[in-house]
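Please open the structure in your viewer and keep the selection tool at hand. This tour goes from one stop to the next, saying what to select and what is to be found there.

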2 protein chains.
Amino acid sequence: MPRHPQTSTSVREISGSVFTALAHKLATFEGEVFPLHVGDTWLEPPEGCRMEDFRVETHPGMHAYTQPHGHPDLLDALGDLTTRRTGVETDKNDILITTGATGGLGAIMGALLEPGDEVLLLAPYWPLIAGIVRSFHGCPVAVPFLDVVDSPETAVERVRRHLTAKTIAVYINTPNNPTGRVIPQEWIEAVVEWAASEGLWIVADEVYEELVYEGRHTYCRGLAPERTFSAHSFSKAYAMAGNRCGWVVGPRQSMIELQKVGTHSFYSTPTASQLAACRLLQDGYGEAWMAETRALYAQLGREAAESLGIDPPQGSTFLFFDAEPYLDDRGLEGFLNDCADRGVFLAPGASFGPYPTWVRVCFTAAPPEVTRRGVAVLTELMRRT
Amino acid sequence: MPRHPQTSTSVREISGSVFTALAHKLATFEGEVFPLHVGDTWLEPPEGCRMEDFRVETHPGMHAYTQPHGHPDLLDALGDLTTRRTGVETDKNDILITTGATGGLGAIMGALLEPGDEVLLLAPYWPLIAGIVRSFHGCPVAVPFLDVVDSPETAVERVRRHLTAKTIAVYINTPNNPTGRVIPQEWIEAVVEWAASEGLWIVADEVYEELVYEGRHTYCRGLAPERTFSAHSFSKAYAMAGNRCGWVVGPRQSMIELQKVGTHSFYSTPTASQLAACRLLQDGYGEAWMAETRALYAQLGREAAESLGIDPPQGSTFLFFDAEPYLDDRGLEGFLNDCADRGVFLAPGASFGPYPTWVRVCFTAAPPEVTRRGVAVLTELMRRT
């Protein structure tokens, strides 16, 4: 009973930013900063799809509410897109427009979780998912996966060992943040089949679906539409993270519950952001831009990986590697500090699951030349260790 | 344990829109529609503060993330504003920028509630607050207040009778949606003093602070800054509901917990919306517009009240009255249907607490001439009953 001055236990258990320790250094660093820890893009969105392109004169009411669950035109466009991509007939009643994928995953977890319920997170995982589960009084359970699984059988074996009577869902993020991996379709099929046999929900985080450089993205909705919620976003693909516009697709009969949580946590997604998303989809503004951007990101990812001596990314905008060989008795903190002393900021592995010696590098947060210089500084530091 | 296909009990208990029954009529009505049930404004935001006024050329990165807890300039501007208004020294560390007041109240409830905790809602209350409490596994407790309280003593007497061992907070909405009342300072002082004596938090919903036509708005933060979270918004005052930008002010040591819930439910507030809010505050774009708008809304509220034979609003954009004298054996539903048959849509009282025969009228959702015609149709219907 958190009366003043107490607050919710569950939220207190969410760790603040693991990055906090380095924030002061970042704020006060003199010299060129290489913000490789951020997950964002330096690009501006496609021309024609920027805020300046939407005028009151042609879009009267564009600063007022639209329907809480989404602008009708965007819902329709996403219904068509989802049908094409997943092979599952989808319309506006299967979709909720959300404040980015974060709002979408919040709506999913809010709609599913009872206090104490457990969600299996295939690790390494997107850092915020654990806090989202906790915000709604659930328990996140890290399942080491991408670093240890090598077949459909070991995939199932890994998730099964974390199943308890309280497990309600499996969270799968592909293309993966932080590893840059695209999870093979056979592994996903095996996990989904097992989840179905245990009566679990599937929560698929597919925000990097547009950013695949090698292999092929698997749409979980196509495998088990009756039990899958998939979260998507315009943020990552189209350089619109600040617009806060994403969407969730799921089983129709449950979407009303997601709508309720959405309405009660962010009410609606910004109207202008939805207009920008509509234009991307409807008028073909997005496609050519995306093809060009994808090629550029793939090139940047390959270059960074080559410099660091690791495998190139298959998708997403990240590389993830074990810095253990470069650590002294100060551990990862010392390594991150040494990097920071040279202007290079990295995201620590503990944010992504049980990976205390790993680091994540984003190769799209800063302009290419800045990223290249930052990666070179990092490579040089690692060579000297 | 809500395994597939079950979902969270707590969220299932949130009623869907009470308005759903009339939605079909609204969608198919032939003839002029008077949408007096909506809580929004027909106005466009002040010139200079619209999306079209923010260009990539002058605001590079305006579509990318800003700090999750808020744009630095907006945090600073709101710190100054809050200090001036409440008399309590306030800076960026006491503030969280949120996706409208809804995001803010979600962050507050998320940060405070343990499962089963109770929040006393002074009624009539803003409809979404009950669902927000439920979304985070709390129990909303309606406290009939504005219709029965007539002194500081009866104010305390009313809230005290709903206190249990599980009560953690009191929610106060002034200027009030739906009643259009500005709660007298002495009543608020009495309730806050009682809440302090019981160790409760205060959650003050002050989104209509700019829209006061009679009396004076009381800033709860000024009375008990150590236990008060106040939610504010640019939506209602500045015709920016679709921008989804609001803010919460609260005790510094607890803001980190609110930040966590915000980060995990909407991540950040749209960057362009924060730039628009900055311009309102920093460059004086908002003040003259607000003075004019306030006078216009006051006039519209007085006209509507006079037509309906009720007291004029003291603040907000609503009127609330008991339609009991106009009901036949079909109850309120019949009355709402009769209104809808004439194109007039009203919000049913049950959304706002135990007010099954009351209705809410918004006098700013449609342009003045439309509202006037709608109110005239409603008045005529009531005369004939």
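## The two domains of chain A

Begin by selecting chain A, which is divided into domain 1, made of residues 9-44 together with 286-384, and domain 2, which covers residues 51-282. Bear in mind throughout the tour that this is a predicted model. If you colour the two domains separately, you can look for their C-alpha centres, which lie 24 Å apart. Where the domains touch, domain 1 of chain A contributes 29 residues and domain 2 of chain A contributes 32 residues.

Now select the side of domain 1 of chain A that touches domain 2 of chain A, where helix H1 (9-12), helix H11 (285-308) and strand S8 (318-322) of chain A each supply at least two residues. Of the elements on this side, H11(A) gives the most, with six residues. Sorted by class, the residues on this side of domain 1 of chain A are 13 nonpolar, 11 polar and five charged.

## Chain A as a whole

Taken along the principal axes, the box that the C-alpha atoms of chain A fill is roughly 55 × 55 × 50 Å.

If you then colour chain A by burial, buried residues make up 57% of its 385 residues. Among the contacts in chain A with a separation of 6 or more, 74% are between residues 24 or more positions apart.

## Where chain B meets chain A

Next, show both chains together, and ask how chain B can be superposed on chain A. A rotation of 180° with 0.0 Å of shift along its axis does this, with an RMSD of 0.0 Å. That is the relation of a two-fold axis. To find your way to the axis, select B:Glu52, which of the residues of chain B comes closest to the rotation axis, with its C-alpha at 2.0 Å.

The contact between the chains takes 69 residues from chain B and 69 residues from chain A. On the side of chain B that touches chain A, two or more residues are given by each of helix H1 (9-12), helix H4 (100-112), helix H5 (128-135), helix H9 (252-265) and helix H10 (271-282) of chain B. The largest share of this side of chain B, eight residues, comes from H9(B). By class, the side of chain B that touches chain A holds 29 nonpolar, 26 polar and 14 charged residues. Of the interface residues of chain B, 100% are also interface residues in chain A, so the copies meet through the same surface.

## An enclosed strand in chain B

Stay with chain B and select strand S6 (residues 228-233), in which six of the six residues are buried, so this strand is largely enclosed by the rest of the structure. Both faces of S6(B) are covered, with B:Thr228, B:Ser230 and B:His232 buried on one side and B:Phe229, B:Ala231 and B:Ser233 buried on the other.

Strand S5 (residues 201-205) of chain B pairs with S6(B) in the parallel sense over four bridges, and B:Ile202 has B:Thr228 as its bridge partner in S6(B). Strand S7 (residues 246-249) of chain B is joined to S6(B) by four bridges and runs antiparallel to it, and here B:Ser233 has B:Gly246 as its bridge partner in S7(B).

From B:Thr228, move to B:Ala169, whose C-alpha atom is separated from that of B:Thr228 by 9.6 Å, although the two are 59 residues apart along the chain. B:Ala169 lies in strand S4 (residues 167-173) of chain B. Is B:Ala169 buried or exposed? With 26 C-beta neighbours inside 10 Å, B:Ala169 counts as buried, because the cut-off for a buried residue is 20 or more. Leaving aside neighbours within four places in sequence, the residues in contact with B:Ala169 include B:Leu112, B:Val119 and B:Trp201.

## A last stop at a three-stranded sheet

Finally, select the open sheet of chain B that three strands form in the order S8-S10-S9, with antiparallel pairing. Its edge strands are strand S8 (318-322) and strand S9 (347-348) of chain B, each of which pairs on one side only. S9(B) and strand S10 (residues 358-362) of chain B pair over two bridges in the antiparallel sense, and B:Ala347 has B:Arg360 as its bridge partner in S10(B).

Methods:
Residues numbered from 1 in each chain as written. Chains lettered and ligands numbered in written order. Predicted model: local features only at pLDDT ≥ 70, side-chain atom pairs only at ≥ 80, totals over all residues. Least-squares fit on C-alpha atoms with pLDDT ≥ 70 in both. Contact = placed C-beta atoms within 7 Å. Nonpolar A, V, L, I, M, F, W, Y, C, P; charged D, E, K, R; others polar. Buried ≥ 20, exposed ≤ 12 C-beta atoms within 10 Å, placed from the backbone. Domains from an automatic or database assignment. Pairing = 2+ DSSP bridges.
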